[in-house]
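Biologist: I would like to learn how to read a few features of a protein model. Could you take me through them in turn?

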Amino acid sequence: MTTVAPESDVRRHELAEFLRSRRERITPEQVGLVRGRRRRTPGLRREEVAQLSAVGVTWYTWLEQAREIQVSPQVLDALARALLLDASERTHLFSLAAALDPAPHTQCPSVTPALRAMLDQLDPLPACVQNSRYDILAYNTTYGRLLCDLDKVRPEDRNCMWLAFTDPDWQAAVVDMPDARRLMAAKFRAAMAEHLAEPAWKTLLARLESASAEFREVWARHEVVDQGGKVKYIRNAHVGLLHVEHTNLWLGPAAGPRLMTYVPLDEETRERLERLRDLSLAAV
């Protein structure tokens, strides 16, 4: 007697194989990542895809292992963007997941080489690409040393919320840290309203609640505030006090990724940012 696997099992395994094949064909340079010397994995690593698409590493691993988990259209959209899928591949992805594409004609830009070049051209202005979950998807030389040494932070921990509540160097660099953390938590809560069921958001929230009493305290206030620019003071460990204006340039819908820059508000800050860039380049 021949046993036929249920259609759902077949779909999950096909989806897992498709994701793995798309991941392995993309080079780190295509999405603005540094290759490194010890890379053995063809294409991207699983944790890199998880970082680029703002999902948990464990959850994405389960997806490639064809485990029985739920995948929302929003997560599929993020994966399509991270894996640089074209229109046909995007349609195939949603078909395998038996999900309705919320934007069937959407292009899937990620941290492309052009965007990576833009970040580099902005130096010495600190600049990075973030998503609405505060994951830092890419950054230039000056931003990499602005608040802490991001190159030494694990990719899965390169998240502004996580660093603001757990990293001593990041906390020391932000003037008026308590107010900054309160505002970040309020922005995070407002953004999370559209992602309440998504594993990556729930995983980050659980990590923050477990790791930080300060986060638990401000989160319990249920404050919300919209994203927006702000004048800030940053106490950089290498060049001293910086007076900057934080600005956002949205790369898509307001809930999506954004190019974030810190523009100097006086000549002294501009000179100090130039010195920070030079010090960072010399340390490479």
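Modeller: What follows covers a helix pair, some backbone details, a proline, a pocket and a cavity. Keep in mind that this is a predicted model.

Biologist: How is a pair of packed helices described?

Modeller: Two packed helices are described by the angle between their axes and the distance between those axes. Here the axes of helix α2 (residues 46–53) and helix α4 (residues 73–82) come within 8 Å and cross at roughly 115 degrees. The crossing of α2 past α4 is right-handed.

Biologist: Which residues of α2 and α4 make the contact?

Modeller: From α2 they are V49, L52 and S53, and from α4 they are A78, L79 and A82. By type, the contact of α2 with α4 has five nonpolar residues, one polar and no charged.

Biologist: How many of the residues of α2 are buried?

Modeller: Six of its eight residues are buried, so α2 is mostly covered. The buried residues are E48, V49, A50, Q51, L52 and S53. V49, L52 and S53 also belong to the contact with α4.

Biologist: What does the backbone do just after α2?

Modeller: A54 takes a positive phi of about 60 degrees there, although A54 is not a glycine. A54 lies in the loop between α2 and α3 (57–64).

Biologist: Why does A54 count as buried?

Modeller: Buried means under 20% relative accessible area. A54 has a relative accessible area of 12%, and therefore counts as buried.

Biologist: Where does A66 lie, and what is its phi?

Modeller: A66 lies in the loop between α3 and α4. Its phi is near 65 degrees, a positive value in a residue other than glycine. A66 counts as buried because its relative accessibility is 8%.

Biologist: Which residues does the cis peptide bond join?

Modeller: The cis peptide bond joins D123 and P124, with omega at about 10 degrees. P124 is placed in the loop between α6 and β1 (127–130).

Biologist: Is P73 buried, exposed or partly exposed, and why?

Modeller: P73 has a relative accessible area of 27%, so it is partly exposed: the class runs between the 20% and 50% cut-offs. P73 lies in helix α4. Leaving out residues up to four places away in sequence, P73 touches F94, L100 and P102. The C-alpha atoms of P73 and A103 are separated by 9.5 Å, with the two residues 30 apart along the chain.

Biologist: Let us turn to open space. How much of it lies in the largest pocket?

Modeller: The largest pocket holds about 890 Å³ of space. It is lined by 31 residues, of which L33, V34, Y139, D151 and R158 are the closest to its centre. Elements giving two or more residues to this lining are α2, α6 (113–122), β2 (136–139), α7 (141–144) and α13 (267–283). The largest share, four residues, comes from β2.

Biologist: What residue types line the largest pocket?

Modeller: Its lining divides into 15 charged, nine nonpolar and seven polar residues.

Biologist: And how many cavities of 30 Å³ or more does the structure hold?

Modeller: The structure holds one, and the largest cavity has about 30 Å³ of space. R182, A185, A186, R189, V218, W219, H222 and E223 line it. Two or more lining residues come from each of α10 (177–192) and α12 (213–219), and α10 gives the largest share, four residues. Four residues of the cavity lining are nonpolar, one is polar and three are charged.

Key: Residues numbered from 1 in each chain as written. Predicted model: local features only at pLDDT ≥ 70, side-chain atom pairs only at ≥ 80, totals over all residues. Heavy atoms only, no water. Axes fitted to C-alpha atoms, helices over the stretch in contact; angles between N-to-C directions. Left-handed = near helix turned anticlockwise from the far one by under 90°. Contact = heavy atoms within 4.5 Å. Nonpolar A, V, L, I, M, F, W, Y, C, P; charged D, E, K, R; others polar. 1 Å grid on protein atoms, 1.4 Å probe; cavity = no way out; pocket = protein on both sides within 12 Å on 5 of 7 lines; lining within 4 Å. Points joined across faces, edges and corners; volume = space filled by probe spheres on them. Buried < 20%, exposed > 50% of the residue type's maximum accessible area, 1.4 Å probe, protein only.
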